[in-house]
Amino acid sequence: VSSLLSSLCVGFCEEKKHRDFSAYEIFRCISLFSSCPPCPSRGVSMKQLKTTQSVTIPADVTVATSSRNITITGPRGTLKRNFAHLQVDIRKEGKRVVVEVWFGDRKNVAAVRTVCTHIKNMIVGVTKGYHYNMRLVYAHFPINCAIVPTGNTSTLEIRNFLGQKIVRRITMPEGVSIVRSESVKDQLELQGNDLELVGQTAARIHQSCAVKEKDIRKFLDGIYVSQKGVVGEFTN
């Protein structure tokens with residue numbers, strides 16, 4: 001390539017006269033450049049030497065870590081989570097939980113903040129708890145909901161959705177409670193320590209009342225999440 005470039009770049013010779021390149025020479029130069037191997041420095045993501053983030057532990061919370069398994073205990077109970085699928089180091093240093101990655105690429109570095117966020121959600125769950133409000137929305141056929149105790153948990157039974165005879169049953173996972181609101185009509189209240197369990201239960205209730213084979217812009221019946229936050233945040 002260098003020899004071809006030197007032969008092509010004789011536009012300014014000793015007499016400083018410009019030379020016109022032929023079409024074949026230009027095509028040959030482009031084809032040689034396109035067949036050259038890529039530069040080793042291209043497309044290689046740089047790895048950071050060390051990425052560290054930490055989460056502060058409140059006074060009324062205890063944290064235990066072992067082999068990327070973390071256990072958090074607070075006034076409302078205990079939560080456990082396993083992060084073995086992530087290549088991160090998790091350890092406790094005094095009143096902090098330190099999460100770090102050595103020589104991580106882009107995905108490993110992003111996982112550090114993800115783990116810290118999960119730990120923060122667990123701390124909020126064992127200290128305050130999570131609360132979701134869901135409203136029963138209907139235009140003509142009233143939605144009837146009954147909460148039936150089943151062992152350590154309870155089951156929500158939904159009847160008369162769009163006038164249908166089918167009974168929809170959603171079993172609450174362990175650690176999630178559901179009650180009907182005493183102050184607001186047609187409202188369900190979900191509470192629990194695990195944010196993912198509470199959110200997943202609300203999603204299952206909402207998806208069980210999906211309108212099929214009708215225009216959802218017109219048929220708005222269903223059970224929708226109206227509020228979500230921590231326990232005691234909402235007055236009704």
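**Close-up views of a predicted model**

Residues 24 or more positions apart account for 57% of the contacts in the protein with a separation of 6 or more; contact means heavy atoms within 4.5 Å. This is a predicted model: local features need pLDDT of at least 70, side-chain atom pairs count only at pLDDT 80 or more, and totals for chains, interfaces and linings use all residues. Residues are numbered from 1 along each chain as its sequence is written, and side-chain values use heavy atoms, with hydrogens and water left out.

**View 1. The whole protein has 4 helices and 13 strands.** Helices (H or I, at least four residues) and strands (E, at least two) are DSSP runs, numbered from the N terminus. Of the 236 residues, 32% count as buried. Buried means under 20% relative accessible area, exposed over 50%, and partly exposed in between (1.4 Å probe, protein chains only). The protein exposes about 15400 Å², and carbon and sulfur atoms supply 53% of that area. Accessible areas come from the Shrake-Rupley method with a 1.4 Å probe; for residues, only the protein chains shown count as cover.

**View 2. The largest nonpolar core has 22 residues.** Such a core is a set of buried Ala, Val, Leu, Ile, Met, Phe, Trp, Tyr and Cys residues joined through side-chain atoms within 4.5 Å. Ile70, Ile72, Val88, Val99, Val115 and Ile119 have the most contacts inside the largest core. β3 (69–74), β6 (96–104) and α3 (106–127) each supply at least two of its residues. The largest share, 8 residues, comes from α3. A second, separate core of 21 residues includes Cys145, Ile158, Val176 and Leu190.

**View 3. Isoleucine 72 and its contacts.** Neighbours within four places in sequence are left aside. The partners include Val61, Val63, Leu79, Ile119, Met122, Ile123 and Val126. Thr62, Gly77 and Thr78 are also in contact with isoleucine 72.

**View 4. Tryptophan 102 and phenylalanine 103 form a tilted aromatic pair.** The rings lie 6.5 Å centre to centre, with 45 degrees between the planes. Rings of Phe, Tyr and Trp (its six-membered ring) pair if their centres lie within 6.5 Å; planes under 30 degrees apart count as stacked, over 60 as edge-to-face and the rest as tilted. A search of the whole structure finds 1 aromatic pair. Tryptophan 102 counts as partly exposed because its relative accessibility is 43%. Phenylalanine 103, at 53%, counts as exposed.

**View 5. Strand β12 (residues 187–192) is mostly covered.** In β12, 5 of 6 residues are buried. Strand β7 (residues 130–137) pairs with β12 in the antiparallel sense over 6 bridges. Two strands pair if DSSP finds at least two bridges between them. Arginine 135 stands opposite glutamine 187. Asparagine 133 is in β7, and counts as buried because its relative accessibility is 0%. Its C-alpha atom is separated by 6.4 Å from that of leucine 190, 57 residues apart along the chain.

**View 6. β11 and β12 form a hairpin with 6 residues between them.** Strand β11 (residues 176–180) runs antiparallel to β12, joined by 5 bridges. Valine 179 stands opposite glutamate 189. In the turn, aspartate 186 has a positive phi of about 55 degrees. Most residues other than glycine have a negative phi. Aspartate 186 counts as buried, at 13% relative accessibility.

**View 7. Asparagine 160 has a positive phi of about 65 degrees although it is not a glycine.** Asparagine 160 is found in the loop between β9 (153–159) and β10 (168–171). With a relative accessible area of 22%, asparagine 160 is partly exposed.
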